[in-house]
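Subject: Structure handover and notes

Dear colleague,

I am passing on the structure below, and my notes on it follow. Please read them with the coordinates open.

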Amino acid sequence: MSKIHSTEHAETGNTKHTQTMVLQTMSSVYHHLLQSLSALQDVKNVDVGSSEKECIWEDGHVWLYRFRHKVGSGAKQGATKSASGKGRVRTPVLIVYALVNRPYMLDLQPDRSLVQQLLLQGLDVYMIDWGYPTHFEHHLTLDDYISGFVDDCVSVVCRDADVQRVNLVGVCQGGTFSTIYAALFPKKVRNLITLATPIDFSVKDGLLFRWAKEMNVDAVVDAFGIVPAEVLNAGFIMLKPFARLQKYMGALQTLDDEERMMNFLRMEQWIFDSPGQPGECYRQFIADLYQGNKLVKGSLQLGRRTVKLQNITMPVLNVYAAEDHIVPHNSTKALQKYVGAEDYEHYEIPGGHIGIFVGSKAQKELAPKIASWLQERD
Amino acid sequence: MSKQSTPDQSANDFYSTWMERQNALVASWANAAQQSTAAMMQGNVAEAMKHGAEAYTATMEHQTASAKQMMNPFGAWFSPQASPNGASKANDATTFPFMNVPFMNIPFMNTPFSEANPMMQAWQNAFRQNPFGQNPIMQNPFVQPWMQAASGAVPGFEQWSKFAEAGASSFAMMGQVAKMYEQWQHLSQSWSISVQKMYSSMADTMPAGVAQDTFRNMLSGANVYMKLFERWMPALELMKSGKPLKAEDLQSLMNPAQYKEVIDAVFEFMIPEQMQSLVKQMSAFTQSMNVSTNQAARILMGQMEQNASMIFGMMSHNPEAAVNVYNTLMSSYQQALSTISALPMNQRQSEMVAVGQEILSRLGEYSQAVTKFQHLLYTNGQKALEKMTEATFAAGRNKKAVSNFDEVFKTWVEMNEEVFHDLFETKEYAVMQSNLAKISSHLYNNFEHLFEIMLKDFPVVTRSHVDELAKTVFELKRKVRDLEKHDAYSEADAEPTNAKSNGKSTSTKAPAHKK
């Protein structure tokens, strides 16, 4: 598709020319909009979540999925070798995603799928889907999620795979959940992998961290019960409000390519597919973690138990994004200071908070790293 | 350099005036609402009307005066009368710290318009000759109305073009040429707005979902892009041609009143019409629930709607519209008070009046907070614009003029991200944002409360019913879960094969397969 801004006409510097340029550009912009409108009207369905999976357990709005290895990939469940020819990792991987947005970001489309890459590396992959909580779930606390749902899912995976422990892989807020779980139930976690995970909430270089500190979370939770997705999305949009405009202007020039358009729409689908947040859990996450920084202070209470990061003695792989504007490195890397693990590794992946999962470099780097690291510790 | 002669100062004065005006309006309005509601509750109609009328009149006078003052906020700075010695400050190069080139007159409009002029050709190419005619998208039923409407605008452009052609040959004075340019800008903007409205209507017909949302976001991005393009194109073209800039070019770039529209579009501030619509919907719902049973509530909601309409209507900077709103308000105010005075209030009505009063007060609080918030964004937007202007002119001086507008747009995005990131990092911003969320949440609670009171006698499930049930369900589920865990842990304790380190937590017994 042509560029939006026309540079035709050699004569410059007079009003007539300027008016012509303005009119041409306006026409060009509207022409692109018209084409986009036409292309978008034909879109009936934006397919996301490309890998085959089956639900093996559910409780209300929470589902646990087991992903299937592709037929002929040589990496089916129980095989001794992965598709890449490496020895198979026997301990299954349980992915714990954040409550914010949907977990299919890890399986967006066949060529942008961390799940697919992990399967190809011979790992058995399970994933928790937190679903869309309704008003009936607004009382759920952090403890209900971690000691309840995560623990239930770990038990189901252990039974399904006939193992005693799982490899826990937590993403963003799900990484915080996984870290807390590993501290509370260390015997159930063989290895802990955290991806772009906030740990130390006292850092000063993340806007969400700064904003959350001033937030009156009680007012919001008391009013809504389930905190609406729009409230969270408004915050995410304000992180880079101008770059967002540029993104859409860029997309305007590419929507005549169906494949690129669908790639763009899948990301858009994911960005705005945001479940509401169960109020009590949200209240505790903001008040105890963002505002109180109780996880690293060792004073976070879940039910009657106190979370002690020193209990995390299993091997830890802590992966962070080089240009993460949502969870700053300082917050992520702080984990090393507080865990009791001797086998601990930081690993930097190029890209932003989302890019490390869907970017082309990440596709080649992240899954092989996770697989080889786990293989050495299986 | 005098205090009033810098672009910064003028812009800040504009935004400060805007904020003061909004705050004064809100304070006056809130006061009137409080007084009238209090008087209503006491049944003192005459007193309520007296205070209410006085307060509203004062509000209107203030609003009309300040709106007039706002009409040309940057004019004084650029006006030839602005300087004590009669010279335009815009002609004083020292007033622009980033410019070291003197302002000079440039040959403008030196060729007449004709049917063959490139602008008309572009227009005709775009619409009259219909480049999309052979395109399959023309088969699309949504495109046709748009094309028809666009074609309908052609005569308007032609008429303007003839006027421009006639005028161009005789307009020698710079001011007249600038005026023409301004007229042209208005015309192109009107066209742009009408086309965008059409697009927006077309988006309405798309199935709701990601494609529709994406299109709306693109429309929004294009809107900002075009607003900027219109402002920047004249200056960029001059820079490319190596010709110096004059005051009008800078005025177009730096005018805060116009730039406010850009910032409004970026942050998608809720415009007055949307707020009015929201209040009307709320009011209509309330009225429909009460129509047969509670006239007082209906009257109260009518008052609220009118008051809200007034306050949001004022935000449009249109004094004439404000006068109309005022007249409507006063008429319904009198009607409402005369009716309510004839009705005895029961307890439910009193409760509703009290909550209604709280909502009015909260709306005032919200309006003030959002005004401060917007002010902060406007002034920072202006700061970024000035930084960008400085950088662009510096590039021009170094013979590195930008070659197309996409580069300008990219620079604009980058500089704004930088400036706004600095702002967003401040505690002041975080507190302000948090305050807005808090007031909105309280307002939401107030409306919930109002509905609860109204729905009390109806066989309808209310929020508190749902909350109560949800709590019971949650507590029962938690008990079941605890029992299941306890059972699992007990069995695990009995199994010697299971390792045990932290008491209960070592069990790997799976919970019941609930699928």
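A residue is called buried under 20% relative accessible area, exposed over 50% and partly exposed in between, with a 1.4 Å probe and protein chains only. On that scale I237(A), at 27% relative accessibility, counts as partly exposed, whereas T332(A), at 1%, counts as buried.

This is a predicted model, in which local features need pLDDT of at least 70 and side-chain atom pairs count only at pLDDT 80 or more, while totals for chains, interfaces and linings use all residues. Residues are numbered from 1 along each chain as its sequence is written, chains are lettered from A and ligands numbered from 1 in the order in which they are written, and side-chain values use heavy atoms, with hydrogens and water left out.

Helices (H or I, at least four residues) and strands (E, at least two) are DSSP runs, numbered from the N terminus, and two strands pair if DSSP finds at least two bridges between them. In chain A, 8 strands form an open sheet of mixed pairing, in the order β1-β2-β6-β3-β7-β8-β13-β14. Its edge strands, each pairing on one side only, are β1 (53–59) and β14 (344–349) of chain A. The twist averages 20° from one strand to the next, where angles run from 0 to 180 degrees between N-to-C directions and axes are lines fitted to C-alpha atoms, for helices over the stretch in contact. Strand β13 (residues 316–321) of chain A runs parallel to β14(A) and is joined to it by 6 bridges; N318(A) has H346(A) in β14(A) as its bridge partner.

T332(A) lies in helix α12 (residues 329–333) of chain A. Leaving aside neighbours within four places in sequence, T332(A) is in contact (heavy atoms within 4.5 Å) with residues including N318(A), V319(A) and Y320(A). I237(A), in helix α7 (residues 229–239) of chain A, is in contact with R244(A) and F272(A) when its neighbours within four places in sequence are likewise left aside.

Finally, the helix pair: α3 (residues 142–161) and α4 (residues 173–184) of chain A pack at an angle of about 75°, with their axes 10 Å apart. That makes α3(A) roughly perpendicular to α4(A), since angles of 65 to 115 degrees count as roughly perpendicular, under 35 as roughly parallel, over 145 as roughly antiparallel and the rest as oblique. Among the residues that meet there are V150(A) and D151(A) in α3(A) and F177(A) and I180(A) in α4(A).

Best regards
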